[in-house]
Amino acid sequence: MNETFDKQAVLNCLNKILELELAGVVRYTHYAFMVYGYNRIPIVSWLQAQADESLLHAREAGELITHLGDHPPLTIGPLLETHQHDIGDILRESLEHERVTLTSYKELLSLVEGKFVLLEEYARRLIAAEEMHQGEVDKMLRRPGAVAAFSEKK
């Protein structure tokens with residue numbers, strides 16, 4: 001930590017990330033329960049892997065919160081049950097959750113860039129992971145030969 005940074009703003013952002021990632025665990029686990037049909041097995045496996053990864057990301061955020069001397073919250077981010085369990089609906093909801101989470105990681109990066117290497121590298125790594133998830137979901141939603149829907153949105 002060479003330069004000063006707004007510790008409270010960073011902690012607020014990390015708390016939000018922790019809450020969003022924990023919501024991702026619940027969201028992806030729920031989605032995995034709700035998949036039916038011929039393609040159930042690979043889709044459920046993918047959703048379960050997303051839940052596992054969200055839990056890993058939540059643990060990392062919690063560790064960073066305690067690294068900064070704070071107490072991680074016991075709350076989780078918003079969970080909206082839309083009762084839409086078509087695979088396309090699930091993937092679109094997943095994409096929106098990934099977008100919100102990506103925004104939080106970008107906010108963290110803006111708070112620590114050039115000021116705190118540990119958090120800067122963490123934010124960059126997770127931004128890349130979230131962008132990869134968006135790309136995967138976008139590909140699953142596209143018809144063969146279609147252009148990426150999210151590529152022009154920043």
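Entry 1: I am working with a predicted model, where local features need pLDDT of at least 70 and side-chain atom pairs count only at pLDDT 80 or more, while totals for chains, interfaces and linings use all residues. Residues are numbered from 1 along each chain as its sequence is written, and side-chain values use heavy atoms, with hydrogens and water left out.

**Entry 2: helix α2.** I started with α2, which covers residues 40-67 and has 28 residues. Helices here are DSSP runs of H or I with at least four residues (strands are runs of E with at least two), numbered from the N terminus. From its first C-alpha to its last, α2 reaches 40 Å, close to the 40 Å expected at 1.5 Å a residue; the expected span is 1.5 Å times one less than the number of residues. After α2 comes Gly69, which has a positive phi near 85 degrees.

I then looked up what α2 hides. Its buried residues include Val44, Trp46, Leu47, Gln50, Ser54 and His57. Buried means under 20% relative accessible area, exposed over 50%, and partly exposed in between, with a 1.4 Å probe and protein chains only. The cover over the buried residues of α2 includes α1 (7-33), α3 (87-112) and α4 (117-141).

Entry 3: Is Ser54 buried or exposed? Ser54 has a relative accessible area of 5%, so I noted it as buried. Leaving aside neighbours within four places in sequence, Ser54 is in contact (heavy atoms within 4.5 Å) with Glu21, Gly24, Val25 and Tyr28. I also checked Arg27, which is 27 residues from Ser54 along the chain; their C-alpha atoms are separated by 9.8 Å.

Gln50, also in α2, counts as buried because its relative accessibility is 7%. Not counting residues up to four places away in sequence, Gln50 touches Tyr28, His133 and Glu136.

Ile43 is another α2 residue, and its 23% relative accessible area makes it partly exposed. With residues up to four places away set aside, Ile43 touches Val35 and Ile87.

**Entry 4: helix α4.** I gave α4 a look too: it has 25 residues and reaches 36 Å from first C-alpha to last, close to the 36 Å expected at 1.5 Å a residue. Among its buried residues are Leu119, Tyr122, Glu130, His133 and Asp138. Those that are buried in α4 pack against α1, α2 and α3.

**Entry 5: nonpolar cores.** A nonpolar core is a set of buried Ala, Val, Leu, Ile, Met, Phe, Trp, Tyr and Cys residues joined through side-chain atoms within 4.5 Å. The largest has 23 residues, and Val10, Leu14, Ile17, Leu68, Leu108, Leu119 and Tyr122 have the most contacts inside it. Two or more residues of this core come from each of α1, α2, α3 and α4, and α1 gives the largest share, six residues. A second, separate core has twelve residues, including Trp46 and Val137.

I followed up on Leu68: beyond four places in sequence, it touches Phe5, Lys7, Val10, Leu11, Leu14, Phe116 and Leu119.

**Entry 6: the cavity.** Rolling a probe the size of a water molecule over the atoms shows where empty space is left. On a 1 Å grid over the protein atoms alone, a cavity is a set of points where a 1.4 Å probe fits but cannot get out; a pocket is an open set with protein on both sides within 12 Å along at least five of seven lines, and lining residues have an atom within 4 Å of a point. Points are joined across faces, edges and corners, and a volume is the space filled by probe spheres set on them.

How many cavities of 30 Å³ or more are there? My search of the whole structure gave one. The largest cavity holds about 60 Å³ of space. Its lining includes Glu21, Tyr28, Gln50, Ser54, His97, Glu130 and His133. The largest share, four residues, is from α2. By class, I noted one nonpolar, six polar and four charged residues; Ala, Val, Leu, Ile, Met, Phe, Trp, Tyr, Cys and Pro count as nonpolar, Asp, Glu, Lys and Arg as charged, and the others, Gly among them, as polar.

**Entry 7: a pocket.** Last, I looked up the second largest pocket, with a volume of about 180 Å³. Arg27, Pro78, Glu93 and His97 are among the residues that line it. The most lining residues, four, come from α3.
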